[in-house]
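Me: I am new to this model and would like to learn how to read a few of its features, one at a time. Could you take me through them slowly?

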There are 4 protein chains.
Amino acid sequence: MNDATLAACIKACLDCAAACETCASACLGEANLDMMRDCVRLDRDCADACRLAATFMQRDSDRVAEACALCLATCRACAAECGKHKADHCQACARACEACADACAAMAA
Amino acid sequence: MNDATLAACIKACLDCAAACETCASACLGEANLDMMRDCVRLDRDCADACRLAATFMQRDSDRVAEACALCLATCRACAAECGKHKADHCQACARACEACADACAAMAA
Amino acid sequence: MNDATLAACIKACLDCAAACETCASACLGEANLDMMRDCVRLDRDCADACRLAATFMQRDSDRVAEACALCLATCRACAAECGKHKADHCQACARACEACADACAAMAA
Amino acid sequence: MNDATLAACIKACLDCAAACETCASACLGEANLDMMRDCVRLDRDCADACRLAATFMQRDSDRVAEACALCLATCRACAAECGKHKADHCQACARACEACADACAAMAA
């Protein structure tokens with residue numbers, strides 16, 4: 001890939017990690033937390049996988065494709081769950097996850 | 001400090017991180033999740049701080065004291081919250097946090 | 001998998017992360033650092049991937065297979081490089097990487 | 001602090017983590033690696049501490065001050081070392097570390 005594609009993927013991963021951390025904390029403050037269980041659970045995994053993928057890209061690792069494949073999988077799952085909820089933080093998180101998944105799909109190929 | 005003290009502190013940090021991850025996931029499956037909000041919230045921070053402190057000790061970092069100071073603070077807060085709940089995973093987490101805080105206090109001094 | 005297999009894989013990942021951190025720091029103190037470049041480089045990735053896999057298993061994530069697949073790939077590469085060097089920390093790291101790769105292979109399947 | 005200060009500190013931490021990862025990998029490719037030992041060593045700690053501080057801020061943790069205090073300490077040490085070297089990646093890293101340290105100092109107070 002070229003440098004612009006790589007930089008865009010790193011940014012998408014960092015934006016998604018931020019959205020997941022914010023979403024998990026906001027979910028834990030929601031009145032209807034009972035329906036947010038899976039959202040918090042998936043946010044945790046997705047934030048960690050996004051940070052690892054960004055880190056591997058920043059350090060020009062040999063395992064960028066594999067790290068992006070893991071990130072893609074966590075992002076798709078998190079987007080599917082967050083997309084079900086109307087809260088702004090969930091909708092923002094779902095969008096960030098989809099954008100990150102799309103960027104990682106190109107890197108994982 | 002000597003090698004045995006260092007090894008014991010690394011083990012206490014890794015045990016605490018494991019207890020926090022397990023506790024957070026178990027909390028998210030509890031019927032009475034509403035009262036577990038702070039438990040999940042603090043488990044997340046504590047697990048991350050414990051992993052960082054263990055990592056800094058394993059790599060013989062110059063900043064072990066500062067990393068253990070952060071770990072100590074997250075452990076005390078998490079122990080105080082988890083200790084309020086009767087669930088086995090919360091009680092086990094509170095014990096692991098206290099043990100880790102004690103070990104880190106010696107390293108942070 | 002059963003609980004004993006899971007616990008053994010978590011332990012293998014944590015042992016490998018510790019060996020990688022120790023090896024990287026020890027490499028950076030070696031007189032012949034010039035030949036240790038790839039060792040340090042791969043140790044960094046492997047430690048991070050091992051910690052993530054252990055974390056996902058501890059929290060009973062849906063993405064354990066994918067995290068272990070990434071860990072397996074980083075471990076094999078790190079073992080191949082560290083195994084070339086006679087230093088005790090490199091040999092210990094190569095053994096920990098192989099053990100972790102074997103344990104992760106079962107989880108990734 | 002206000003939202004703009006918080007957002008600026010998160011960005012400074014993420015920029016610094018990126019600069020440290022890039023610098024460590026670039027150092028490992030330098031002809032004169034022998035003089036870069038401490039640079040790689042400190043880059044590793046600084047990148048990890050910066051990621052943790054950013055994460056704690058993104059999730060609105062109770063321990064932002066303590067995480068930023070650790071980040072400040074790793075950044076100052078890394079800036080002092082990287083600033084000694086003429087390589088572009090070291091100079092860029094030193095600047096990112098100084099900017100991050102300044103931002104974290106306000107949060108840690």
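Reply: Let us begin with a definition: helices (H or I, at least four residues) and strands (E, at least two) are DSSP runs, numbered from the N terminus. In this case, D48(C) lies in helix α2 (residues 37–58) of chain C. The model is a predicted one, in which local features need pLDDT of at least 70 and side-chain atom pairs count only at pLDDT 80 or more, while totals for chains, interfaces and linings use all residues. Residues are numbered from 1 along each chain as its sequence is written, chains are lettered from A and ligands numbered from 1 in the order in which they are written, and side-chain values use heavy atoms, with hydrogens and water left out.

Me: Is D48(C) buried or exposed?

Reply: Buried means under 20% relative accessible area, exposed over 50%, and partly exposed in between (1.4 Å probe, protein chains only). D48(C) counts as buried because its relative accessibility is 13%.

Me: Which residues is D48(C) in contact with, leaving aside its neighbours within four places in sequence?

Reply: Contact means heavy atoms within 4.5 Å, and with those neighbours left aside, D48(C) is in contact with L52(A), T55(A), F56(A) and R59(A).

Me: Where is D60(B), and what is its phi?

Reply: D60(B) sits in the loop between α2 (37–58) and α3 (64–82) of chain B, and its phi is near 55°, a positive value in a residue other than glycine. D60(B) counts as exposed, because its relative accessibility is 59%.
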